[in-house]
Amino acid sequence: MNQTQTPSRQNKKTNSEKTKQPKRKRTFKLFNWRVFVGILGGLFLVAVALGFYILNHFIETRPTIDVESLKEVQSSVMYDINGEVVANFEGTYYEPITYDQLADVYIDAVVATEDANFFVHNGVDVKRIAASLISNIVANDIVGGGSTITQQLLKSTTLSSEQTYERKIYEAILAMELEQILTKEEIFEAYVNTINFGPVYGVGSAARYYFNKDVSELTLPEAAMLAGIPQLPSYHNPYLDIQTATERYQTVLTLMVRHDYISEQDATIAKQIPLADLLEESEYSNSSAYYTYMSAVTSEVVEKTDLDPTTQQLNIYTNLNTEMQDYANDLLDSGMIEFPDDKYQAAFVFSDTKTGQVYAIGGGRGQNSSFGFNFATEGGRQPGSTIKPLLDYAPGIEKYNWSSHQLFVDEEYQYSDGVKFYNYDFQYKGDMSMNAAIADSRNVTAVKAFQEVGPAYADQFIKKLGIDFGEPLHEAYALGGGREVTPLQMAGAYAAFGNGGQYNSPHFVTKITDNAGNVLYEHTPENEQVMSSATATIMNNMLHYSATSGLAQRGNIAGMNVAAKTGTTTYAQETIDSLGLPNNADKDHWFVGYTPEYTMSVWGGYDTVSSEYYNKFANAPIVSSIFRSMMSEFGSYGTSFPGSSNVVSRTVMKDVWPSVLAPEGTPAEETETAWFVKGTEPTQVGQQIEISLDAPKASVKLSGETLNMNWSAVTPNFSTTDEEQLTRYQNSVGKTLYVVYGITDTGEKTELYRGDALSYSGSVANLGNYKQFGFVTALEKNDTVSSMATVASPYNAPVTTCPEGQELVDGACQPIVPTTCPEGQELVDGACQPIVCPEGQELVDGACQPIVCPEGQELVDGACQPIVCPEGQELVDGACQPIPPETQAIQPGTQPNSDQNTTETPVIQSLFSRPTLLPRATFWQQLNSIFYLTS
């Protein structure tokens, strides 16, 4: 037996044997601080050594500062499709300045905004770098950095713009080095001479461009606005976005207060000044034939890469075709197209149907001279009916395999919420094919198609074509209401039809490199199949029909395979009411078309509407003229769209549904070519149905002085026993009409009535001369008419009385022809007319006599007027005679001539010689004068 006990047993004791043992204390070994400090110190020394090593590496490998290059504008370069340099982003106008020219308020604004410690740091602001580093760590990315003005100058002239820590280190090292080479004033001068202000570089150019003044004349608000632009020149340009520019401007003023450059009161006053009031156009124009294209390039570069070509040195290779762009500029600004006025705007995009390459754009009239608003790529307008193929019909082909002969009923209709809407002509055409509905741009059929497809499916379909409305679609979208689109978006969407259903986003840029040749971006074609080739093929054929036989035929070009759609939008009723516009005023006109090679989307209208400037129906041909001009110049003839093996064409009977094949010998006007998804085409041959009509059975009865006509209803007779086809044929011919003719005894016919009623009445006075009446049946939408049924007139009794104003002539009532006229009138062409006497005569006893005036009057302009004699003459026996000298009176208040022997007696005699010729008042005045003179 093993005598060794387990520990548990050895420790096991009886109660009597147990004794109380003191608790054993646990002891800890003291922390060896010396070892820790040693390790920490060692790590610190390693870190310092490593830091010195890394810093030494960056110092040794730093780029060389070229002081002269710091004073030169460094901007991006744009290349055309052939790799030729066509433009620099600094523009063609540049006005360098010296530091001494700068207004103090501008220096304060820039320092407060960009680098508050500029005049005290050594090129690097440690506090700002630390704050920036923390922000980058939190964001797990390089989101920004506390660069000083010195560093920013180096970044734009010497270093690349890539956001890396390596570049930041080089930037800091070079900044401290540059501060040893140049003074603060020289650095600041170089900085403000090279930074971007939107369409111009340098503050001297900017002051001239925005305010038409010298930089030394800048006021506080002007300085604050300019100081805010360089952060994001593409967005803070007040000519492009006044709201964003205003927000930035107010931020600058706030920073100037924070850093004690201006008072709170100064900032408050300045913030109340609208930026638009500060701007003043100058004679300077940063002219270039390619600025609208450059503005589109700028937007695309920023969108695709977050790089800004206006602030960084990039080599941008584009799809610009200079020949096409020059022609596009001429279309809008050289008088090639007649525009209604200077306010009217137009814009377009001209792109490659297969690749999406944008070769040229029309950014707007007068927009090629500066970075103005680009109507081709920015903002947007409601698309009107150009949206129908994209949102209503193509989704139906894709979802339900609709054919071009798909039946739609154009009829009075309303939205699901009960709101009525109408076709553009306020009429309805009944049964019609989808092909005809697109060509004639029917609104009712478009909404019905959209409802059948469903908003969700339609939205999903159009998003794949590059158009995202960003909200649930409602039925008004089916007609082009709702959100807005740009010509660029519409060109991309329509091109997918011409490219066999493949979508390539329209694009301007092919590649971007830095100055070292490193590729920063390169476009990759999508070639995304967004719809079946069958859908695209059917749409191509229908839109080609629209361009050759529909509303879009104004843009058609003979011999060229053009597919197109028009679009028109109208103003909201509140706009019409508030501005006093006519109810038929148009808002936007669109023309979107394409060929197998090129796609072009054109918009025309007004940027700002007023009671004087608004779009009109008469302006609609402008957009199609622009399309036709551009396509005629560069389009190809005789080319074809890609087909689809999954589409077949058939000649079907027109206006017959379900679709049936046209039998041999059917007249061409009764057939149409239709396109079907393979497997859905008709196989049944239709009947060449003949339509016959019976003449109505009619009766004519005399009731007093009224002739009442009644006839029987007639049902067209179709040579078919197929009930479904019979119904369709009946609908296709429309209403049954009845035509009533009056027939004279010589056989001459006059149409009296046409309509669908079964009765007609007329008075004997109007119808009594007709010997018989003819009755014919006709079809509303067909040329078929019946033979004529004739009924003799019951009004055969001789006429004994006639209505007032008529007389009986050869047994018939005729208008009375007068033979005599009342006094003062004469018979002219069988009618009494008032007698008109020649000038100088008057009507006396029914005859014209010379006018004789009473004594003391004469004939003036055909009327007697009192004779007025000239001064020194008097009326004697009805004629003016000179007044004898001895009878002339002294005028009151005058003295007699001193060389005359004037006495009282002759004067008194002259006063009384012709007393009847002197008014009483005059007589007493002259008498008083005599008494005065002789007293």
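These questions and answers go through a few features of a predicted model. Local features need pLDDT of at least 70 and side-chain atom pairs count only at pLDDT 80 or more, while totals for chains, interfaces and linings use all residues. Residues are numbered from 1 along each chain as its sequence is written, and side-chain values use heavy atoms, with hydrogens and water left out.

Q: Why is helix 5 called oblique to helix 7?
A: Helix 5 (residues 149-157) and helix 7 (residues 184-194) pack at about 50 degrees, their axes 10 Å apart. Angles under 35 degrees count as roughly parallel, 65 to 115 as roughly perpendicular, over 145 as roughly antiparallel, and the rest as oblique. So helix 5 is oblique to helix 7.

Q: What is the handedness of the crossing of helix 5 and helix 7?
A: Left-handed: the near helix is turned anticlockwise from the far one by less than a right angle.

Q: What makes strand 21 and strand 25 a pair?
A: Pairing takes at least two bridges found by DSSP. Strand 21 (residues 706-711) and strand 25 have five, and they run antiparallel.

Q: Why do strands 20 and 25 stand at the edges?
A: The open sheet has the order 20-21-25. Strand 20 (698-703) and strand 25 (759-763) each have a single partner strand, so one side of each lacks a neighbour in the sheet.

Q: What makes Ile39, Leu40 and Leu43 a nonpolar patch?
A: A patch needs residues with over 30% relative accessible area and no salt bridge, with nonpolar side chains joined within 5 Å. Ile39, Leu40 and Leu43 form one, with about 310 Å² of accessible area together.

Conventions:
Helix = DSSP H or I, 4+ residues; strand = E, 2+ residues; numbered from the N terminus. Patch = residues over 30% accessible without salt bridge, like charges linked within 9 Å, V, L, I, M, F, W, Y side chains within 5 Å. Areas by Shrake-Rupley, 256 points an atom, 1.4 Å probe, with all protein chains shown as cover. Salt bridge = Lys/Arg side-chain N within 4 Å of Asp/Glu carboxyl O. Axes fitted to C-alpha atoms, helices over the stretch in contact; angles between N-to-C directions.
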